[in-house]
Amino acid sequence: MQCDDVDLLMPGLVDGTAPSAPEVDEHIASCLRCQAELVRYRRLLRALRLLRTRYLEPTPGLLADTLVSLEEAVERELARSARSRRIAYAAAIGGTAMTAAATAAVLIARSRRGPERLAG
Amino acid sequence: MDQAELIVAAQRGDRSAFDELVRQTFVDTFTLARRITGNEEDARDVVQEAYFRAWRGIGKFRGEAQFSTWMYRITANAATTHVKRRQRQRAEPLDEVAEPIDHRLEGQPAAMAESGAELDRLSDALDELPPKLRNVVVLKDVYDLPHEAIAEELGITVTAAKVRLHRARRKLRDVLEATGEVESRAV
């Protein structure tokens with residue numbers, strides 16, 4: 001067991017997720033360098049956790065800007081979806097009209113062909 | 001109205017209720033965005049994007065997690081997307097991991113105590129980390145999100161998240177120790 005091996009295991013050793021290994025424990029117990037590294041690692045993690053409660057102050061006016069930008073984005077999206085609905089509606093009407101016209105054309109054509117066949 | 005009531009109202013389309021949720025969570029969301037992006041300007045864009053995504057997705061919020069945790073995940077995702085886009089614009093390869101150099105740090109005690117000034121230095125050192133390392137260490141070590149959630153939000157595997165976390169911690173430790181040595185030599 002070398003110091004580099006222990007270094008790789010450091011995250012698990014610190015949060016307690018590393019499986020218990022006697023050779024690791026023995027190395028650490030006899031290695032001042034690894035003991036110091038463990039202490040430094042724990043201190044770093046403790047300090048990082050403390051950052052959670054250190055809030056960073058937003059620039060004055062950023063909250064108001066965010067609310068305005070949110071409002072604008074929501075309106076843009078509503079306008080976009082209304083436009084999409086209009087296009088879909090127009091397409092549906094157009095499609096229905098074309099289908100009706102085609103059906104009418106077929107019926108007219110059939111009605112014209114009908115008497116000819118009878119006559120033959 | 002308490003937060004649960006505001007959420008229900010927002011889910012019914014009440015914009016003023018959602019605005020109140022924005023007010024209640026704003027500093028927290030900004031702080032996370034600022035820590036992940038490393039600068040104020042990008043944090044500003046991320047916060048706006050995150051709240052817009054939250055508004056669009058509020059109907060899917062089921063209350064299994066706290067609203068703040070749900071916002072963290074949205075913010076982390078928005079920040080990661082933003083940082084990637086920024087990197088592409090700056091033509092910096094995503095995999096490039098520059099060595100963190102913090103010229104602003106002036107003197108770091110060899111053994112780091114948790115005084116305000118030292119936390120400020122740690123905060124500065126975080127800003128100097130490459131973005132892909134910084135977001136993992138912020139989400140895991142500062143905000144205590146599980147590896148699985150971090151991997152999901154960043155679009156990487158859990159193993160990759162753990163590897164990045166370890167590298168990030170080592171780099172932070174290196175930065176803090178290096179500045180400590182500068183101080184020792186100066187004394």
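**View 1. The right-handed crossing of H2(B) and H3(B)****.** In this predicted model, helix H2 (residues 15-37) of chain B packs against helix H3 (residues 40-57) of chain B at an angle of about 140°, with the axes 9 Å apart. Because of this angle, H2(B) is oblique to H3(B); the class covers whatever is neither under 35 degrees (roughly parallel), nor over 145 (roughly antiparallel), nor 65 to 115 (roughly perpendicular). Axes are lines fitted to C-alpha atoms, for helices over the stretch in contact, and angles run from 0 to 180 degrees between N-to-C directions. A crossing is right-handed if the near helix is turned clockwise from the far one by less than a right angle, and left-handed if anticlockwise. Helices (H or I, at least four residues) and strands (E, at least two) are DSSP runs, numbered from the N terminus.

Residues in H2(B), including Phe18(B), Phe30(B) and Ala33(B), meet residues in H3(B), among them Val46(B), Ala50(B) and Trp55(B). Two residues are in contact if their C-beta atoms, placed from the backbone, lie within 7 Å. The contact of H2(B) with H3(B) divides into ten nonpolar, two polar and three charged residues. Ala, Val, Leu, Ile, Met, Phe, Trp, Tyr, Cys and Pro count as nonpolar, Asp, Glu, Lys and Arg as charged, and the others, Gly among them, as polar.

**View 2. The left-handed crossing of H1(B) and H2(B)****.** The axes of helix H1 (residues 3-11) of chain B and H2(B) come within 8 Å and cross at roughly 135°, which means that H1(B) is oblique to H2(B). Leu6(B) and Ile7(B) are among the residues of H1(B) that meet H2(B), where the partners include Phe18(B) and Leu21(B).

**View 3. Ala50(B) and the largest nonpolar core****.** This core has 50 residues, and those with the most contacts inside it are Ala33(B), Ala50(B), Tyr51(B), Val137(B) and Leu172(B). A nonpolar core is a set of buried Ala, Val, Leu, Ile, Met, Phe, Trp, Tyr and Cys residues joined through C-beta atoms within 7 Å. A residue is buried if 20 or more other C-beta atoms lie within 10 Å of its own, exposed if 12 or fewer, and partly exposed in between. Leaving aside residues up to four places away in sequence, Ala50(B) touches Thr29(B), Ala33(B), Ile74(B), Thr75(B) and Ala78(B). Of the 187 residues of chain B, 40% count as buried.

**View 4. Leu133(B) in helix H6 of chain B****.** Leu133(B) counts as buried because it has 21 C-beta neighbours inside 10 Å. Leu133(B) and Glu40(B) lie 93 residues apart in sequence and 19 Å apart in space, C-alpha to C-alpha.

**View 5. Asp144(B) in the loop between helix H6 (131-142) and helix H7 (147-154) of chain B****.** Although Asp144(B) is not a glycine, it has a positive phi of about 60°. Asp144(B) counts as exposed because it has 12 C-beta neighbours inside 10 Å.

**View 6. The side of chain A that touches chain B****.** Here 25 residues of chain A are in contact with 29 residues of chain B. Helix H3 (32-51) and helix H4 (62-119) of chain A are the elements that give two or more residues to this side. H3(A) gives the most, with ten residues.

**Conventions.** Residues are numbered from 1 along each chain as its sequence is written, and chains are lettered from A and ligands numbered from 1 in the order in which they are written. In this predicted model, local features need pLDDT of at least 70, side-chain atom pairs count only at pLDDT 80 or more, and totals for chains, interfaces and linings use all residues.
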